[in-house]
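Biologist: Hi there, could you walk me through this model? I have a few questions ready.
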Amino acid sequence: MTSFEICATTSAPSSSSSTSCPHSSSSSKACTNDYTIISNSSIQEEKQKNCCLSNRLRLATNDSTGFLYQHCASGPVIMSNIFLSTSLITLAEMQLGCQGDEDSCGTIYGFKPSSLIALIATVSGILSSFLLPFVGAIIDYTPNRHSTGVISSAILVAIQAIQIYTVESTWFAMSILQAINGFIYQVVALASYAYLPEIVSTIDEKTFQWYSSLYYMVMFGHEIMFLVVMAAIALIFGTNDVVTAQISQGLDTVVSGGYFILTWYYFTKKEAKAVLPDGSTLFGAGFQQVFKTSTGLYRHYPKTVGRFFVGCIFAEAGINSFTTVSVTYVNEVLKFNSTQISILFLIVLTCTIPGSYFANWLADKTNPILAFKFQIITFIILNFIGFLILNNPTKKIAAYIMGMFWGFWIGWYYPLEKLIYSMIVPKGQESELAGFFLYCTQILTFLPPLVFALMNEAGINLKWGGIHLNIYMFIGLVFFHYMLPWSECLEVAKVNVMRKNGMEEEEQDIVVRGGGGGGGGEKL
């Protein structure tokens with residue numbers, strides 16, 4: 001998930017069962033608290049866990065509560081990456097002796113410092129694309145889902161702690177760790193999203209829709225709070241980019257580490273959800289399931305879900321790479337320091353809120369697909385204007401203004417993407433296809449930063465590296481445009497052809513085999 005995927009407020013669960021009372025594991029009396037709607041505990045068999053926070057900050061089930069705290073942990077992790085990225089570029093330039101307003105720095109370890117963050121994102125993306133199906137198979141075919149989440153979360157926090165010591169003599173090693181941590185973050189998200197089908201099946205539809213909003217609201221809130229605290233520290237104490245990043249990593253280690261403890265305290269241990277086919281390996285089984293799902297969608301839903309998923313592969317590649325490209329761009333071209341970058345991203349994140357409301361309003365006035373296509377067309381235009389205008393350090397004020405527009409348009413994108421997904425997937429297949437959808441949003445994320453880095457190394461102006469993101473969004477737009485009309489998409493979704501053709505057993509646990517993740521696509 002890009003750090004801006006914070007406004008996904010719509011999802012369609014496949015169950016209408018009641019939720020259990022969060023205050024008791026056995027009482028059948030209806031109850032309410034800060035986060036739950038009137039519930040009934042008749043379907044809940046496991047004992048409800050309580051921690052130091054008692055019942056005030058928990059949801060109807062243990063797993064839904066764990067999913068909440070996973071999103072709380074993700075926000076600071078994502079935002080700390082902004083400060084670390086700025087520090088790594090600064091330290092690489094310092095080693096070359098070219099820190100400041102110089103246009104050219106030369107190369108170090110064979111690449112320009114301005115290509116560093118894009119190369120880190122490329123390595124993380126490649127690792128995720130090739131290894132997440134394997135991790136998903138471990139989660140699906142073994143009883144190690146919970147332990148996978150615990151171990152990967154511990155590794156992620158440990159690397160964050162090690163990166164506190166990011167200085168001129170260690171920046172390259174820390175860059176390698178950051179590339180690895182980008183993949184580890186996706187493993188944590190994958191293990192967490194594997195609980196989604198159980199969450200959906202044990203609470204009613206209205207409650208799950210509220211939880212879907214709540215999960216992203218708490219992640220958004222923690223991102224905002226983290227940026228505000230770090231900007232305040234940098235302004236009050238006058239810290240430079242390197243020290244600011246060190247403080248950021250230390251703060252995130254404490255905050256996210258605490259939330260991850262709560263996450264895996266509440267998430268329950270699960271048995272294997274499927275039996276590994278005879279003659280198959282864990283590595284091969286994950287990719288086989290991705291292939292089976294792809295061919296099933298192509299065969300039964302080529303002009304609805306099939307084209308939508310392919311379109312999302314390209315559109316998400318462009319949108320998800322926006323953070324990577326923009327951090328490098330404003331640092332290198334506009335000469336923003338870490339404090340200025342944190343203020344810029346604070347503006348962007350805040351403006352996603354009206355953008356998400358506008359997305360819902362426009363979808364009601366037209367239809368979700370039409371509103372989605374209009375968003376992509378106008379976002380392409382906005383990117384052209386933004387990167388062409390913001391071409392030197394004198395345009396700092398203009399950058400803050402553009403940040404408002406970028407935030408609004410990004411907030412416009414994600415609710416529509418989730419809304420369309422929830423409404424056009426075959427009924428009864430929503431949670432089963434969730435993981436495959438998430439994998440589609442991640443599989444191509446390595447390509448835009450790679451192209452950006454290659455363009456930068458070739459001496460092409462960075463503004464064209466930013467503008468080139470429009471290519472992926474335009475390709476996605478073509479696939480969205482050639483979907484069936486919205487009314488026909490809804491009609492097609494009413495009949496689960498995949499299930500009728502005996503594919504249910506092969507597809508039913510795709511949520512943990514498809515890959516992807518991070519709170520609907522959060523990405524380091």
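Modeller: Gladly! Helices (H or I, at least four residues) and strands (E, at least two) are DSSP runs numbered from the N terminus. This is a predicted model, where local features need pLDDT of at least 70, side-chain atom pairs count only at pLDDT 80 or more, and totals for chains, interfaces and linings use all residues. Residues are numbered from 1 along each chain as its sequence is written, and side-chain values use heavy atoms, with hydrogens and water left out.

Biologist: Is isoleucine 460 buried, partly exposed or exposed?

Modeller: Isoleucine 460 sits in the loop between α15 (447-457) and α16 (462-467). Buried means under 20% relative accessible area, exposed over 50%, and partly exposed in between (1.4 Å probe, protein chains only). Because its relative accessibility is 36%, isoleucine 460 is partly exposed.

Biologist: How far apart are the C-alpha atoms of asparagine 62 and lysine 49?

Modeller: Asparagine 62 belongs to helix α1 (residues 62-96). With 1% relative accessibility, asparagine 62 is buried. Lysine 49 is 13 residues away along the chain, and the C-alpha separation is 6.4 Å.

Biologist: Which residues does serine 128 touch, not counting those up to four places away in sequence?

Modeller: Serine 128 lies in helix α2 (residues 116-141) and is buried, at 5% relative accessible area. Contact means heavy atoms within 4.5 Å. Beyond the excluded sequence neighbours, serine 128 touches Pro133, Phe183, Gln186 and Tyr439.
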